[in-house]
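Visitor: I would like to go through this structure with someone who can say what each term rests on. Could we look at it together?

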Amino acid sequence: MTMSIVAGVDFGTLSVRVTLADTERGPLGTAIAEYPLGRSRSEPDLATQSHADHMEGLVRAMRSVSDQCGIDPTTVRSIAVDTTGSSVIPVDRNLNPLSDYYLWCDHRAKAEAEEITATAHETHLEAIEWCGGTYSHEWGFAKLLHWLRHNPRLRDRFGTALEHCDMAAAVLTGVTDSSAVVRSVCAMGHKWMWNPKWGGLPSQAFLSRVDPLFDGVREKIGGTYQTSAKVAGRLSLEWADKLGLTAGIPVPVGAFDAHWDAIGAGCRLGDVVNVIGTSTCIIAVSERVKLIPGVCGVVPGSAHPDLVGVEAGLSATGDIFDAIARRASTTVSKLSEGLGRIEGGKTGLMRFSWDNGDRTVLVRSDLGGMTIGWHLGHTAQDELYAAIEGTAFHTRIILERMEQHGVPVHRVINGGGVPQKNALLNQIYANVLGKPILVPDGLPTGLGSGIFASLASKDHGSIETAQAAMCVGFKRFDPDPATRERYEMLYQLYKQVYMGFGTSGRSNFSEVLGDIKRIAAGEEVRSDFGQRAQRKVASL
């Protein structure tokens, strides 16, 4: 069979990764180009990036991977792009940027998100129930409203706002008219309350009720909305020249990185993929459309064009580990040396992963990271271990919520970059979840883009045939039976505190700290809650 080469592009938080893949044998090589992230000590919620920096990075990475693989780039048959999200850029009518991107981790729009949520509930907007009952400050309309409020001099020039994946595809295909943009169902469904069930976006009346600055915005966020099974356009002569590719090759409709990472990790019905990086996106696919309370997105055609995509996640994961190491004046890799000598569930600490708020299932941006159980002998290494356990406990809460509402969880796959270099994390997840953890035997980041590129180039006719040819195998981490009872009791305590801090009503935490210490010491727990947890475990 004749070999076909496709290019998969993955724009991450700090770098762009380009992977060249053989449509019959999988990845051939990857190159990375970094770009700066705009931060401000005086405004810690700010996180911005330059469109020009993104595109310059793409050129460097594409040229580099072609040289590295020894492949003539003019033989590449398609190029597909995924990005972070919701990463939003306001542009004029000709797609010229009016400011930098509000990156996914830009959290300035908290007030705007609260106003959107309140208005949605006041008006009984159905869309709010399909995104967990709360509109997030990480999502598109909140960020656009924040920009409109803080850039009065640029409002007259505002043509539209674009998700990064849609902006990248539009630029690569030479679109210069904001009304001609092809928009991703994945991006708009999960972050902008778009769904064909209620005619697309929320009504103009609703948006104007949130704020008159939104007058006319629904029409401006126009264009066509498509799944990634469709082609957004053809590579322009200008960008073919910059990238060294052939003009006219297809560029499929883009999507969010986590969704395509899940496809690249081999996600199928019955799978949940934890795409673990700076944050965690939890992606599943389902045959049925059903509301899941507290889960931030249930969208037909998002991850897989023919299935319902379900998205949840943690707002902070790898960046928590980085912050713990930074405060200890070291790196995660150095702090992890000897970490395996700590016995699971016995640090005496419990770490809650709310450093960037709670994305799922509480959907509360006002929560903050919390570690309980400290004594004077604890170290930064103890906290790092507890933070890994805490992200696993949080993940278990989310998976249980999905299962309770009809999303099957037969296999758990740890995708993303962090699991590739942290075997201990995968083992802790297996122990905490009580399920085997599968980890792709090779980095799947960018491979999902390659799979969608192979559909656009017509080398494959379905996601499943492309996955069978292009995906890598798995490493397997089985739960350690010796930790089962300890983690079951700790999980019940974790869930009590998680729900107690995150929901209204009185909660009694008077025995929690003592129970954590007693579990660490291998003693009997004393509280009624702890005894009930013990009895439950004993009956299993």
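Guide: The model being predicted, local features need pLDDT of at least 70 and side-chain atom pairs count only at pLDDT 80 or more, while totals for chains, interfaces and linings use all residues. Residues are numbered from 1 along each chain as its sequence is written, and side-chain values use heavy atoms, with hydrogens and water left out.

Visitor: What makes the contact between α13 and α17?

Guide: Contact means heavy atoms within 4.5 Å; the residues that make it include Tyr385, Phe393 and Arg401 of α13, and Tyr487, Tyr494 and Met499 of α17. By class, the contact has 9 nonpolar, 2 polar and 6 charged residues, where Asp, Glu, Lys and Arg count as charged, Ala, Val, Leu, Ile, Met, Phe, Trp, Tyr, Cys and Pro as nonpolar, and the others, Gly among them, as polar.

Visitor: Why is Glu112 called buried?

Guide: Buried means under 20% relative accessible area (1.4 Å probe, protein chains only), and Glu112 has 4%, therefore it is buried. The place of Glu112 is in helix α2 (residues 110-122), and, leaving aside residues up to four places away in sequence, Glu112 touches Ala142, Leu145, His146, Arg149 and His150.

Visitor: Which residues of helix α16 are buried, and what do they pack against?

Guide: In α16 (residues 463-470), the buried residues are Ile463, Ala466, Gln467, Ala469 and Met470. They pack against the strands β1 (5-11), β2 (15-22) and β3 (26-34), and against the helices α10 (257-264) and α15 (447-456).

Visitor: How do you know which residues line the largest pocket?

Guide: On a 1 Å grid over the protein atoms alone, a pocket is an open set of points where a 1.4 Å probe fits, with protein on both sides within 12 Å along at least five of seven lines, and lining residues have an atom within 4 Å of a point. The largest pocket is lined by 44 residues, with Ile276, Gly277, Thr278, Gly417 and Val418 nearest its centre. Its lining divides into 14 nonpolar, 18 polar and 12 charged residues.

Visitor: Which element gives the most to the lining of the second largest pocket?

Guide: That is α11, with 6 residues.

Technical notes
Buried < 20%, exposed > 50% of the residue type's maximum accessible area, 1.4 Å probe, protein only. Helix = DSSP H or I, 4+ residues; strand = E, 2+ residues; numbered from the N terminus.
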